[in-house]
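Student: I would like to learn how to read the features of a structure such as this one. Please take me through it step by step.

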Amino acid sequence: MERFEKFTTRFSNWLNWIAGIALVGMLGLTVVDIVGAKFFTWPVPGAVEVTGFLSVVAIAFAIAYTQVLHGHVRVEFFTMRASPRVQGIIGAIIWLLSFALFAVLAWQSYKFGRVLQISGEVSPTEEIPFYPFVYGIAFACIPVCLVLVVEFLKSVAMAVKR
Amino acid sequence: MSATVIGIIGIVVLLVVFFLGMPVGFTMALVGLVGFCYMVTPQAGLALLARDVWAQFSSYSLTVIPMFVFMGSIAFNSGMSQRLYDAGYSLFGRLRGGLAMTTVAACAGFAAICGSTNASAAAMGRIALPEMRRYHYDNALATGCVAASGSLGILIPPSVIFIVYGLLTEQSIGRLFIAGVFPGIILAALFMGVIYLICRRHPDFGPAGGPTTWKQKLTGISGVIEVLVLFCFVIGGLFLGWFSPTQAGGAGAAGTLIIGLARRHLSWKGFLSAVKDTLQITCMVLVIVAGALIFGHFIAITKIPMALAAWAGGLPIPAAAVMGLIVFIYLVGGCFIDALALIMLTIPIFFPVAMAVGFDPIWFGVIIVLVTQMGVITPPVGVNVYVVSGVAKDVPLETIFRGAMPFLVAIIIAVAILIAFPQIATFLPSLTMY
């Protein structure tokens, strides 16, 4: 269990850094676009669509690590007062539901990506294909599911602990 | 079963799962997905999930959020909050309650470069609380004023809540930002008034600090000129239509980065910390936004918002009473639900109501931000109080909540002033070009 948790944390952290590179890229691109457009009347072609693609990477690849840090806002006020066993049971249910959500999202994003790949849909200005980024969302769901499995197992352990 | 009944069941299930502790964004997405599958077809619901998530994550208009969050994170990691505090101290330090007033002024200044309440409270808490302790300030006043002043972060532009409200209601983010300026100044003044009154009644609560020389005053103020320049550049650029909101955020983040590097106050470690903070805040917000979109699609097909708007529009009560009711719902809801989640959940329902009874959408946005500010300092789920509690670990939570209560009264007064004089919020936006 400990090794599995370590692995998921490292995997999530690794993807978080890729998200970080995308974020810094977004800032760099926006600045170059502003300078180009305001001082040289030469905005970066396709800046809007590339910023959108970088945003997909920055957000999707950070979901797992944000969950590792428990950064996704939740209302803990009511469950906090329950006994550890009840907290464990409730935790197991909510993390299982969350796992189901991201498993479905991974599956559906993969299907959606396939549709875009086959139809050959590309962005209007730079003609960048959409599908790799949609596959990216599907891939980013894998570490999220792993982190949620860790949360689920921890809750089960809490529920059955004597 | 009628669509409305299914919608109401969906909302009840959503609240139950919220309170069981499932992350807010996940809950909205899951309930919205199941509801949509039930109302239309499972295939349609499943396809909607992937398409909605893609649409939100790749949306250029939403990239304004990471840009402004990045700006605030860099400012925090490069010591701008300390310089703002020093400047405030040079002006108010020697007054009775002056250190608390300094905190309000510094928070208002920091709010001009940061768009979130908890970041402002965390930034200023670490600087202001040790100072107030050194001068033996009353714990409730010291912690309460930091928690409340931090909430100015979402009223004075830039503001994450204004951005989200603007995107949800298709209002101009530039106009919303500019609408928050005067109400923000008024609220900061009201907070200072509260501190003055408390210290007049209990002089020992806020002893005066040491005097400052003219040289110290000038040095203090010159240390924050950059914040003023940055604010004018970013918000002014948005006001005059030079920048799109994302460009304004990008320019602000780059400007803050340049200032941090030029002053040699931003280390590589600080920069990485700013990147990480930005990622985690942005990801949290965007997951909620995506979840809200999916839930919103489900609620839209149940036609609840339209039915509620038609019902409220036909009620034989004045519009102000409808506003009062909405404020009351936010006040109660804000006690239990996180501010952003509450806005995501309620705006799609209340905004059509507000339009039906004839409210100005920009003014309504400012009121919503003010009532959200109440939510961050009211028990039991006042986020800012928990943030301050993290800094002042030896002060009981009840003391911080008690200390924040007089400031809650100030926010209620600000809401009343804005209801009586909506021009305070609508005057500046009426001049904007963007």
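**Reading the surface, fold and rings**

Tutor: Start with the surface of this predicted model. Chain A has an accessible surface of about 8400 Å², and carbon and sulfur atoms hold 69% of that area.

Student: What percentage of the residues in chain A is buried?

Tutor: Of the 162 residues in chain A, 46% are buried. A residue counts as buried when its relative accessible area is under 20%.

Student: Which secondary structure elements does chain A have, and how many?

Tutor: Chain A has five helices and zero strands. Read from the N terminus, the order of its elements is α-α-α-α-α.

Student: How does the radius of gyration of chain A stand against that of a compact globule?

Tutor: For 162 residues, a compact globule would come out near 15 Å, whereas chain A has a radius of gyration of 20 Å.

Student: What share of the contacts in chain A joins residues 24 or more positions apart?

Tutor: Among contacts in chain A with a separation of 6 or more, 77% are between residues 24 or more positions apart.

Student: Now the aromatic rings. How is a pair of them described?

Tutor: Two values describe a pair of aromatic rings: the distance of the centres and the angle of the planes. Over all chains, the count is 24 aromatic pairs. One of them is Phe68(B) with Phe177(B), an edge-to-face pair with 5.4 Å centre to centre and 75 degrees between the planes. This pair links distant parts of the chain, 109 residues apart: Phe68(B) sits in helix H4 (residues 64-77) of chain B and Phe177(B) in helix H10 (residues 173-179) of chain B.

Student: Are Phe68(B) and Phe177(B) buried or exposed?

Tutor: Phe68(B) and Phe177(B) are both buried. Take Tyr330(B) and Phe350(B) next: they form a tilted pair, with 5.8 Å centre to centre and 55 degrees between the planes. Tyr330(B) belongs to helix H17 (residues 319-336) of chain B and Phe350(B) to helix H18 (residues 339-356) of chain B, 20 residues apart. Tyr330(B) and Phe350(B) are buried as well.

Student: Which residues do ring pairs link into a cluster?

Tutor: The cluster consists of Tyr165(B), Phe351(B), Phe359(B), Trp363(B) and Phe364(B), linked by ring pairs.

Terms used. Residues numbered from 1 in each chain as written. Chains lettered and ligands numbered in written order. Predicted model: local features only at pLDDT ≥ 70, side-chain atom pairs only at ≥ 80, totals over all residues. Heavy atoms only, no water. Helix = DSSP H or I, 4+ residues; strand = E, 2+ residues; numbered from the N terminus. Rg over C-alpha atoms; globule rule 2.2 N^0.38 Å. Buried < 20%, exposed > 50% of the residue type's maximum accessible area, 1.4 Å probe, protein only. Contact = heavy atoms within 4.5 Å. Areas by Shrake-Rupley, 256 points an atom, 1.4 Å probe, with all protein chains shown as cover. Phe/Tyr/Trp six-rings, centres within 6.5 Å; stacked < 30°, edge-to-face > 60°.
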